[in-house]
Structures are given as C-alpha cells and as structure tokens.
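Subject: Structure for you to look at

Hello,

Here is the structure I said I would pass on. My notes on charges and helices follow below.

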Amino acid sequence: TKCRKFTAPRPLTLEAIIENETYRDSAHTYDWYMSPALDNGKFKNLLTITPNTPLIDLYFTVLLLVQNASYLGAATFQIPFNFPPDGGDLEVFPTFGESLVTYFQLRTKNWIDEDIPLRYQFFYSKTNTESDWKELTSLQLSPYTNTWLSGQAPAIQVHLKVHVEDNLGAYSEVFTEVTVSMSVTDISEKKEQLEDLLAQLSSSDPSQNAKIIYLICDEFASIEQPYWVNLTTVCPACSGHGSCPDNKKCLCDEGWVLDDCSMEKEIHNEIVQAKYDALLKMKEAYEAIQDETTKTMFLNAIQMATSNSEFTDLQSMETIQDLLEKTLNITSEDTILKKNEQQTLTEILGNMVKFASKTDCECSQPFCLELENKTIEYMEKVSKSALETQLVGTGLQTISTALFEVTTVRVTPCDISNYDFKGSDPNAPSITITPTANTPLNCSNDLTVQSYTFPARSVIFNCENPGEISEEDKLNARVSVVIKEVSTNKEI
C-alpha cells in the first residue's frame, strides 16, 4: 500500500496479495487483527477501516494471518493516524445585513497542521441541521470569500461554517452566525427584486452566476414558506376567496389559487415562471463550468425548487426530471452516485411523487405513470451506488427522506440474520432475514441487500386528501427487500 497516514473521514481498504502463487480464493483463510481495535469490515483478503474512526493513538498496527492446507503466513503493517487541522476560527463582517443586498466577508485563520497546503470550503445554513448546509464555495486554497446571503422575513440568524482540510484529507470545521434581514416582504415586490438580479447576471462569470442563482432559488423557497398551510385549518375561511362545500377542502374563487385560496393566480403563475427561468439559467452556468461544486449547487437548487408542490407546474417538473437525469447520468449503467447525490436524488424524487399525488390523485396522466417506473430506476441507482463503497461487516447504511427510506448492506449468508431492516422508525416491527432450515451456508459468499420502505400506493394517491400524507398514513407502508449474490449479480 502507498498509504502515508490513516485519515479518519475516509475509509481505508487493505488488500492481501500472495506473491508468486496462483491466487485461488477458496484455498486460503484470512484472519485480520488490529491494535488498537478499530471499527472495520473484513471479507476474505480485504480489510476496510470504516470512516470517522476515533483517533485514539499515534498509529495502529495490522496483523494478518493467511493459511492454506499446508502453510501459515503472517504479515504486519503499521499506519500512523492523520490528525486534523487545529486552532482556527471563522470571522464574518458585517454581522448584520440585508438578504441578497449586503456583501458579507468571511475569513478563517490561525489553523495549525503539518500536512499543508490547507484548503477551505465555506457553507451557510438557515436551520443549522446537518442536511441543510449549502455550499458557498468549492474547496479552495484561499481562506476567505465574499458573498451575498439569503435570509427570511423579518430577520433570521444564518449559520456559517468553514470546512478546513489538510492535503491528506483530515478536516476540522468551525462555525459562526450572522443576522440577515429581509425588508422586502410583499411577494410581488420580492419576485421583481429576484427577477432584476437574474437580469443583471454577467455572461463572463458563470461561476459567480451559479452562486447567485443558487441563492435566488433559496430566496424563492423562503418566500414560499408562509404559504405552507395545514389543510385542517383552511376551512371554512379560505382566506375570504373561496368556499368549503364539503368542509374539508377549499374551492377557490376565480383568479385565486393555493390550498387556502390566499394568492392571486396571476402572481402565482409569475412566481412559477420566475423559478423556472432561474433553473434554466442555473443549467447554463453549470454547463459552462462542469465542476463538482456547481453540480451540487444545481442539484440543491432543483431540490429547493420542487420542495413545495403548490409553487410548481407540470412543465417545470418535466423539465426538472430531464435536467436531473442528464446531470446525474442516471440512465447509464456505469454511473455511481456520490453520497450527497444519493441523498439529493431521493429527496427530489419524493418531491416529484408529492407533486404527482397533488395534481393527479388517480395517477392516470403520462407524467405520473412514467414516474412509477422512474421511481424503481432511481431507487435502484441509489442503492447500487451506496453498495459500491461497502464491504461485508461495515454495517447498514440508510438514506431517509420524508417519503422514502433506502437501506443497504453487504453480508454473508452466515450473518444476514443479524441485521434488522425495519428502518429508522423505532416503533416499526423488526424485519429480519433468516435462511430456511437445513440450508447449506457458504460463509465466504458475498451478498448485497437492498431494502426500500415507502407508503402504500393507496396512501400516496388518495383523491380524498391529495398530496397529504399524515404520520398515521405512513404506518401503512410497503417494504421491498432484494438480495443479490455479488459474484453473479443474480437475485436469490
């Protein structure tokens, strides 16, 4: 191996190779030992140290014993730990500003690490949750950046983060906050402000354009948020622009839309069109750059644009589906999605399903009918990509969204019964897989397990309450489990 140090955020795989001998896998047994003991997965001649293993010493030692019918061999290997950068902080100036108006300066300094050069990546979040951190820059050598920020009316604390990484991949993160206000609260005026920003984009700087459009998409999501309503509260008022014939759902007057009839149809159509135009400009910027950071921004922009089914239309969804497939190259057998792409694709798919259930509650139109097949295709791509980096013994990996849950693991027939595929809900019943009695088990056989959990079709497509899935409805779930043999890729 050419490994200089073990970097905890990255998995490390060691492979045992027997020199000057024809490799016959079934003829050898491998016993791996480590001091100190670290979380790992091992299968035959491979050992993987799992990511985020705690750094508990200066180095660790691996001992391998290999045995065939006649001989026993041994090898040892010592690997130092790579400790992350330390001692730094993050500053922002000014500490108060206006959404998409104030230019904020972010700077980080005082970092100590022997594995230089260090690289820096800046993020922001409105909720300070793990899934909400959005990239402001790529991983760069510069320890500062200048940027606008997206806020929320009347003002919110926007969380800032810098990810600092040494040249072997060990990283640290520090955080700070800034107050971002939104003085323009009228939705028509805000739409005009965002359209003006789009019109001012320069064709000579696609990288800056991508970031600005990304922030604009986030701003659209913020102005839509007050229009999320609880359907149980809209009747009988309907915002004064409709009625409730069945006392369950508003029937809006001519020229008014949304579940609670609170927005003029003309304004609504203009917002949907402006979001659509922003996504097309984001596509242009990404195609001009083709880098991973802009790709991530583009995918997150799509996720934000589809998050509220009330503020999109069929034209937008069909375009988004096409953009999504082309950006991720989903239809190619060779495509392996990165972890963040797996999560984002699953969330966007959930948004598209919610839109279909809202606008076509019987799922009788072409978009919805095709989406049923696309759902299977997308989930297969997500699980296949997740399994690509897994090894027997590294445990379950789960991707969860509001609608779907995808769980994957690599196992042998001898340990498959040790895993529970019930998903993340602690109240769900256990789902285990047990070989039938008298089944001969080959413990050197490598299996993959793909488990999908999602609401029953009758829950998703419900014309009595279209687009709404309650926590009680989610209890009526479907679970699909697929087991494949790695050597043949056949389902068993």
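Salt bridges

Asp115 and Lys5 are joined through their side chains by a salt bridge, with N to O at 3.1 Å. The term means a side-chain nitrogen of Lys or Arg within 4 Å of a carboxyl oxygen of Asp or Glu. This pair connects distant parts of the chain: Asp115 sits in the loop between β10 (104–109) and β11 (119–125), Lys5 in the segment before β1 (6–7), and they are 110 residues apart. Helices (H or I, at least four residues) and strands (E, at least two) are DSSP runs, numbered from the N terminus.

Before you go on, note that this is a predicted model: local features need pLDDT of at least 70, side-chain atom pairs count only at pLDDT 80 or more, and totals for chains, interfaces and linings use all residues. Residues are numbered from 1 along each chain as its sequence is written, and side-chain values use heavy atoms, with hydrogens and water left out.

Asp115 is buried, at a relative accessible area of 6%. Buried means under 20% relative accessible area, exposed over 50%, and partly exposed in between (1.4 Å probe, protein chains only).

A second salt bridge links Asp259 to Lys358, with the closest N and O atoms 2.7 Å apart. Asp259 is in the loop between β18 (256–257) and β19 (263–264) and Lys358 is in helix α6, so this pair ties together parts 99 residues apart in sequence. Asp259 is also buried, with a relative accessible area of 15%.

Another salt bridge is between Glu270 and Lys191, where the closest N and O atoms are 3.5 Å apart. Because Glu270 lies in helix α3 (residues 265–289) and Lys191 in helix α1, the pair ties together parts that are 79 residues apart in sequence. Glu270 is partly exposed at 33% relative accessibility, while Lys191 is buried at 6%.

In the whole structure, the search finds 23 salt bridges.

How many of the 21 residues of α6 are buried? The count is 15, so α6 is largely enclosed by the rest of the structure.

Helix α2 (residues 206–224) is mostly covered, with 16 of its 19 residues buried.

Regards
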